[in-house]
Amino acid sequence: MTKIETDITLIKNILGKIADPELPILSIVDLGIVRDITVNNGIVEINITPTYSGCPAIDVIDLEIRATLEANHIKNYRLIRSLSPAWTTEWMTESGKQLLKDHGIAPPLPLQAVCETEYFQRDEAIACPLCGSYNTRMISRFGSTACKAQYQCNECLEPFDYFKCH
Amino acid sequence: MLAYVLHLADNALVAGHRNSEWTGHGPILEQDIALSNIALDLVGQARNLYQYAATIANDGSTEDSFAYLRDAREYKNCLLVEQPNGDWAQTITRQYFFSAFQQLYYAALKGSADKTLASIADKSLKEVHYHNKWSAEWIIRLGDGTEESHRRMNLAVNKLYQYTGELFEAAHYESELVKENIAVDLRTIKEDYYENINKVISTASLPLPGNTFMQTGGKTGLHTEHLGYLLAEMQFLQRAYPNANW
């Protein structure tokens, strides 16, 4: 591997340890917030994208990336925030989805399965992260954070968060 | 260009601020959270737009100075979004009339020759789909609900319909940018807009408002009295304690 490739792998590993402030079980790499890492003339360029326009976590994430890089003695870097292409749950890693499920949050379905625009059209069934049953119902389209909806399982009665497809 | 970006930002900020007035006052917890989330999305869209406006102005203006240090006459939002919350029916109707507009508007703005506006539109549109669906479903549920909910929805629709006309009147700062393929040509989305909202109003078993006088002026700074009160509350802290930070 060239020096630059080594650097990029190293930086990716460092960033992979930064937890998302609102979903601390996931790293910002798992969530797909870190879009790209490049090294040009010794300057590390890190491209990040917010999940939702109003996500309050993005400023904290920005700060944590800077602090982490400084702590690892990486001084020459540039943080770029891009909005396009817009963030989608498709960018979440498979291990990230499994982690969500392990912690009681139903992971997002693949994009084409939902995002139904017809009114009162039910989204595809979401499996309860506790008992696995598909006999669940939506309580509210909006949940504890912008990226989640509230559901309840009709079988085991567990209320749970569903990470909306976006 | 600056005026145009501020107009888009003001629309999102004022709509978002109105919804945030419900935070802690929603009829049930889930709907309180829903309105707060919609407010968060809209204020987030406004931030992206104000940040872009600050780079265009390039005179030391910031997203905060645009939001907190301009008076009502400098605000370019449409009259619809500044209308008071009223009861639940009025809040929902205002949100639906606005979301239905934003949905078509951002979809068109995605094709703008200005790459920054196109990417903000792309990002925002995904959020607006949820707002539109949520508010339309409430209109249908309540319009087609009890005698009382039907009566209130009917009042709200009739009260706010007169502010929809302005959405399609191009301000002087828009016309030039339409030629350059930067701003959205409002004529291209008007027909779809009324078709969409009329369909929802009919499904809600509410009578369609007839041809009515349309109020205009907000986009060029001539507002209803309500915006002044909204700004007084929103800007109080920065006016009383300049540069306060937390």
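Analyst: Five bridges join strand S6 (residues 148-153) of chain A to strand S7 (residues 159-163) of chain A, and the two run antiparallel. Strands are DSSP runs of E with at least two residues, helices are runs of H or I with at least four, and both are numbered from the N terminus. Two strands pair if DSSP finds at least two bridges between them. This is a predicted model: local features need pLDDT of at least 70, side-chain atom pairs count only at pLDDT 80 or more, and totals for chains, interfaces and linings use all residues. Residues are numbered from 1 along each chain as its sequence is written, while chains are lettered from A and ligands numbered from 1 in the order in which they are written.

User: What is the bridge partner of Tyr151(A) in S7(A)?
Analyst: That partner is Phe160(A). Gln150(A) has Asp161(A) as its bridge partner in S7(A).

User: And which residue takes a positive phi in the hairpin of S6(A) and S7(A)?
Analyst: Leu157(A) does, near 65°, in a hairpin with five residues between the strands.

User: What is the order of the open sheet in chain A?
Analyst: The four strands are ordered S4-S7-S6-S5, with mixed pairing. Strands S4 (105-106) and S5 (136-140) of chain A each have a single partner strand, so one side of each is left without a neighbour in the sheet.
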